[in-house]
Amino acid sequence: MATISAGLVMCEPADTYMKTYNRADRALYHVKQNGKNGYQFYSPDSEIFRSETVDVNRIVTGIRTSGSYHGAMDVEYRQFATLYEFIENIKKRFSHPFKLIMITLETDANEPPLPEELEKAMYYMEQSIQQTIRNVDVLTRYSRQQFLIILLGSNTEGVQIAVDRIFRGYYKMCGSGAFSPSYAVAEVDA
């Protein structure tokens, strides 16, 4: 299901682009802070909405209905590093286990791969990871040949099961392929 949020503004010919844009942006901000899927017309009186009290239950409903994702949480590396630090603190505080896994697509050292072939293989690996691991786990592309994964609540056996499923899915999508996946597990238990 698709929804839309809009910030609308009536402008005068003398209004600058930035002034009009900022007013529309403030109206859109108001919509997003109040559950999304709606619209707001800007007016000078609407500047008051910055001090409005918003019902926390409405915010929770807005978050829950803002869309869901399936599979791993796929984030940029900087976000991944921030999440890693957060999860590591949870582990220290509550003894909640997790594993950090690096998956690498190995290439023949004698013959460098064509960039298109490598990118296609990385796409298949990413799709396999997304379809295999849970939506509480975190994924990022680390380099042109590597992914990092945080598996929450996993032990060594759980890692092996997840990696086997990821590799099977990868081979199913791309056939035998020119790239062989390998993995390493970081020692985060210390």
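Guide: Buried means a relative accessible area under 20%, exposed means one over 50%, and partly exposed covers what lies in between, with a 1.4 Å probe and for protein chains only. The model is predicted, so local features need pLDDT of at least 70 and side-chain atom pairs count only at pLDDT 80 or more, whereas totals for chains, interfaces and linings use all residues. Residues are numbered from 1 along each chain as its sequence is written, and side-chain values use heavy atoms, with hydrogens and water left out.

Visitor: What share of the 190 residues in the protein chain do buried residues make up?
Guide: Helices (H or I, at least four residues) and strands (E, at least two) are taken as DSSP runs numbered from the N terminus, and the protein chain has five helices and seven strands. Along the sequence these elements follow the pattern β-α-β-α-β-α-β-α-β-β-α-β. Of the 190 residues in this chain, the buried share is 31%.

Visitor: In what order do the five strands of the open sheet stand?
Guide: Two strands count as paired if DSSP finds at least two bridges between them. The pairing is mixed, and the order is β3-β5-β6-β4-β7.

Visitor: How many residues of strand β6 are buried?
Guide: In a regular strand the side chains alternate between the two faces of the sheet. On one side of β6 the buried residues are Q146, L148, I150 and L152, and on the other they are F147, I149 and L151, which leaves both faces covered. The strand, residues 146–152, is largely enclosed by the rest of the structure, because its buried residues number seven of the seven.

Visitor: Which residue of β6 is the bridge partner of I101?
Guide: Strand β4 (residues 98–106) pairs with β6 in the antiparallel sense over seven bridges. In this pairing I103 stands opposite F147, while the partner of I101 is I149.

Visitor: Which residue of β6 is the bridge partner of S143?
Guide: Strand β5 (residues 138–143) pairs with β6 in the antiparallel sense over five bridges. The two strands form a hairpin with two residues between them. In β6, the partner of S143 is Q146.

Visitor: What distance separates the C-alpha atoms of M102 and Y183?
Guide: M102 lies in strand β4 and counts as partly exposed, at 24% relative accessibility. With contact taken as heavy atoms within 4.5 Å, and leaving aside neighbours within four places in sequence, M102 touches Y142, Q146, F147, L148, S182, Y183 and A184. M102 and Y183 are 81 residues apart along the chain, yet their C-alpha atoms are separated by 5.4 Å.

Visitor: How do the residues of the contact of α4 with α5 divide into nonpolar, polar and charged?
Guide: With axes as lines fitted to C-alpha atoms, for helices over the stretch in contact, and angles from 0 to 180 degrees between N-to-C directions, helix α4 (residues 115–132) and helix α5 (residues 156–174) pack at about 135° with their axes 8 Å apart. The contact is made by A121, Y124, M125, Q127, S128, I129, Q131 and T132 of α4 and A162, R165, I166, F167, G169, Y170, M173 and C174 of α5. Here Ala, Val, Leu, Ile, Met, Phe, Trp, Tyr, Cys and Pro count as nonpolar, Asp, Glu, Lys and Arg as charged, and the others, Gly among them, as polar. The residues of this contact divide into 10 nonpolar, five polar and one charged.

Visitor: What is the phi of S95?
Guide: Most residues other than glycine have a negative phi. S95 is found in the loop between α3 (77–94) and β4, and it is exposed, with a relative accessible area of 62%. Although S95 is not a glycine, its phi is positive, at about 55°.
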